[in-house]
Amino acid sequence: MTAAVCGLVSIAMLLALPAVAGTDPDAHALPRPGGAGWWTMVAVLVLQATALAWVRRFPATVLPGLAAVPLVLAWVAPGAAFSLTAVAELAGVFLAVAHPARRPWIALVATALLLATGQFLNEVRGGTSDIAAAATGALLQALVVVGLPLLLGLAIAGQREAREARDQEVQALRREQDALLQAAVSRQRVAMSRELHDIAAHHMSGIALMAAAMDGQIDADPAAAKRSARQVREQSRAVLDDLRRLVGLLREDADAARPVETLDAVSALVETRRAAGLEIDLVVLAGSPGSGAGLGPLAQLVAYRMVQESLANAAAHAPGAPCAVEIGGPHGGRVTIAVRNGAAAGPDPGRGGGFGLVGMAERAQLVGGELTYGATTDGGWEVRLTLPVEAPISTMRAPAPLPEAHA
């Protein structure tokens, strides 16, 4: 498109040049329409316009060519019409520097030299000025014809590159936001899976114990079997409520009326496990944080989940073993909650997946706490959680390396 426009403009100016010159003394130097010089001028202008179509793809070759072709015209038919060849050269320089990332600087220098040479040769052979004036005019014309479109092209290219850089920055920010969102979703999925593990391990182990007790009570003590059946029904309702609450967290209209579990709920948890057949002692030492005093809500939830998971593990891996839950008082700015069970009275069903202890350790680290666990001297197992007093959520820190899981 640009090549066609330049060609038409150049030819139109060539046709209009005699009428514009009028009575100008230099009008005799213009080529006569239909003459050899005029057709040579037309051929040069058409050739330049054709070459413009390739200047963006091959600027290092086409640009010098645009300035070299008029040398033939300056030698064969010098005259005032030679200046029309600058139209294609102006457009060529602009197109060459406005688009590519690499600028053809060597080609631009060569173009300027060839353009100055052609202008100098045209002036000298046309006899319109002496050598010094012709050299000065040739250099000035080269600077104007190459310099003006070069500055304009660089300005436009700079704006385009700045716009592209902004677009790339916006795209990079969007990709970063998408990555952060995916990471957040992944963390939430992991948290949900651990929460499901805790709920299932706690309630299902209790239901399994009560179902095992019912098997022996049906014939020996029907009344006790009925009570166990009611307890199974209550546990089933409880697990459904917990699962419904967990799924509700994923909805915008989730019911947030149910409070988060605290240390006060540990006694109710112990009573529930006792009703399922576990032998559990709850020991609350003097000065312990009643109602969670001194511990933030997140730290209390971590403590509750630790007790819940530990009792579920004890029921699964040490069936029939007595358990003890101990809530200590503040000492050195920290509170300790421990869950111990004795040696198993029945066979251990085998090693678990270890996700329960991993989840407990990660929760402890989130609130600045520490989780330790291991076998006791009497063949049992102990899980000990130490939490800092007055540990608000703002003290959350990146998780440290987790201990190896056991159960």
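Five strands form an open sheet in the order β1-β2-β3-β5-β4, with mixed pairing; strands pair if DSSP finds at least two bridges between them. This is a predicted model, in which local features need pLDDT of at least 70, side-chain atom pairs count only at pLDDT 80 or more, and totals for chains, interfaces and linings use all residues. Residues are numbered from 1 along each chain as its sequence is written, and side-chain values use heavy atoms, with hydrogens and water left out.

- Strands β3 (residues 334-341) and β5 (residues 381-388) run antiparallel and are joined by eight bridges.
- Ala 338 stands opposite Arg 384 in β5.
- Strands are DSSP runs of E with at least two residues, and helices are runs of H or I with at least four, numbered from the N terminus.

**Helix α6**
- The 22 residues of α6 should span 32 Å at 1.5 Å a residue, and its end C-alpha atoms are 31 Å apart, which agrees; the expected span is 1.5 Å times one less than the number of residues.
- Among the buried residues of α6 are Leu 108, Leu 115, Gly 118 and Glu 123, where buried means under 20% relative accessible area with a 1.4 Å probe, protein chains only.

**Largest cavity**
- Residues lining the largest cavity include Phe 82, Glu 89, Leu 115, Gly 118 and Val 145; on a 1 Å grid over the protein atoms alone, a cavity is a set of points where a 1.4 Å probe fits but cannot get out, and lining residues have an atom within 4 Å of a point.
- The largest share of this lining, three residues, comes from α6.

Methods:
On a 1 Å grid over the protein atoms alone, a cavity is a set of points where a 1.4 Å probe fits but cannot get out, and a pocket is an open set with protein on both sides within 12 Å along at least five of seven lines; lining residues have an atom within 4 Å of a point. Buried means under 20% relative accessible area, exposed over 50%, partly exposed in between (1.4 Å probe, protein chains only).
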